[in-house]
Amino acid sequence: MLFKYEVQKNIIKFLALFIFKKTVRQEWRNKNLKKIAENHLKSLKWGISYSVFDGEELLESSIKAIRNAVDYINVVYQIKSWDGTYENMNLYNQLHELKSKGFIDEIIYFEPNYKIKPGKNEVKKRNLGLKYAKKAGCNYFMCMDTDEFYIKEQFIKAKEYIATNNIAYSFCPIVCYGTSPKLRRINLSDYAVPFFAKIGLFTRLKLQKLSCGICFSDPTRTFVPPPPTCLQKYKVHFFCSIQMHHMTYVRRDLKRKLKCSSNKNVKEMNMDNLLKCVNNGCVEVDNIFNIKNFN
């Protein structure tokens, strides 16, 4: 598909050379380049995989924000926490209710291996979501969690840029929130989140720290780059025109979120100290994603 698109672009540029008048030539070229770009975008399949154990109370709102902008969504879920001490027995029924409403295309069960570290388990879980996205025929893929949100208009424009500029790996900054969807932190996070990545037969995720050139990104979402070929150069792009809105501490049960995290630093947070300082540095904003406030 990409090769066909590049050939079509070059043909349009070549044919435009035979139009003598500059303004007419530019108008004809731009019109036809836009048309083939739109057709190329329609030919691609975009997939998302959610990793779910807790925070399911945010899942429907997160999906609603981008459901009409992607072609395929799966949820990889687990019943027990990473250390096996917490269970979420109602999760299965809640996910199937969302599937019946058309929010989710596939639901996949994941059984953690308690002999390995939570980070490695999380990568295995995300790779399972990637595996099913490949089976569904997706050309581009991204991982998400239930507390992650995107503004639809920004999301669609970013997709268009990726498709028309042959971007293989993309990232965007993170906007964090306090204990309410109306409390947004002033400063951006010093981490980025991987956005869409081009996927092929051998694409997979690997547990490793990765710098996207500006800041570090989630080590459980690092794609192993495919080998370059003589026909294709792999490009990396950091978006400033879109942000992931991270409802980090917006939870019905914040204590469970902290105790069940695969991140050691998060697990060791003191609940009392957290509640005292987490809303510091926040400003009040509109609840743009219509998320229930659990405070």
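Strand β2, helix α4 (residues 91–100) and strand β3 form a β-α-β unit that is right-handed, meaning that with the strands pointing away from the viewer the path from the first strand over the helix to the second runs clockwise. Helices (H or I, at least four residues) and strands (E, at least two) are DSSP runs, numbered from the N terminus. The model is predicted: local features need pLDDT of at least 70, side-chain atom pairs count only at pLDDT 80 or more, and totals for chains, interfaces and linings use all residues. Residues are numbered from 1 along each chain as its sequence is written, and side-chain values use heavy atoms, with hydrogens and water left out.

The chain as a whole has 9 helices and 15 strands. Of its 295 residues, 47% are buried; buried means under 20% relative accessible area, exposed over 50%, and partly exposed in between, with a 1.4 Å probe and protein chains only. The chain exposes about 15,900 Å², of which carbon and sulfur atoms supply 53%; accessible areas come from the Shrake-Rupley method with a 1.4 Å probe, and for residues only the protein chains shown count as cover. Contact is defined as heavy atoms within 4.5 Å. Among contacts between residues at least 6 apart in sequence, 77% join residues at least 24 apart.

Strand β1 (residues 46–52) pairs with β2 over 6 bridges in the parallel sense; two strands pair if DSSP finds at least two bridges between them. Ile48 stands opposite Ile73 of β2. From β1 the chain passes through helix α3 (residues 59–66) to β2, and this β-α-β crossover is right-handed. With strand β3 (residues 106–109), β2 pairs in the parallel sense over 4 bridges. There, Glu106 of β3 is the bridge partner of Asn74.

Glu56 lies in the loop between β1 and α3. With a relative accessibility of 10%, Glu56 counts as buried. Leaving aside neighbours within four places in sequence, Glu56 is in contact with Asn88, Leu91, Gln94, Thr146 and Arg256. Met89 lies in the loop between β2 and α4, and at 54% relative accessibility Met89 counts as exposed. Met89 and Phe53 are 36 residues apart in sequence and 10.0 Å apart in space, C-alpha to C-alpha.

Next comes helix α5 (residues 118–135). Its 18 residues reach 26 Å from first C-alpha to last, close to the 26 Å expected at 1.5 Å a residue; the expected span is 1.5 Å times one less than the number of residues. The buried residues of α5 are Gly119, Asn121, Glu122, Val123, Lys125, Arg126, Gly129, Leu130 and Ala133. What covers them includes β1, β2, β4 (140–145), β9 (205–206) and β12 (222–223). Gly137, which follows α5, has a positive phi near 85°.

The nonpolar side chains come next. A nonpolar core is a set of buried Ala, Val, Leu, Ile, Met, Phe, Trp, Tyr and Cys residues joined through side-chain atoms within 4.5 Å. The largest one has 39 residues, of which Ile48, Tyr50, Tyr150, Phe155, Phe195 and Phe196 touch the most other members. The elements that give two or more residues to this core are β1, α3, β2, α4, β4, α6 (152–164), β6 (167–176) and β8 (191–198). Not counting residues up to four places away in sequence, Phe155 touches Ile48, Ile66, Ala69, Val70, Met142, Tyr150, Phe195, Phe196 and Ile242. Apart from this core lies another, of 16 residues, including Ala192, Ala197, Ile199 and Phe223.

Two asparagines remain. Most residues other than glycine have a negative phi. Asn166, in the loop between α6 and β6, has a positive phi near 55°, and its relative accessibility of 9% makes it buried. Asn290, in the segment after β15 (282–284), has a positive phi near 50°. Asn290 is exposed, with a relative accessible area of 65%.
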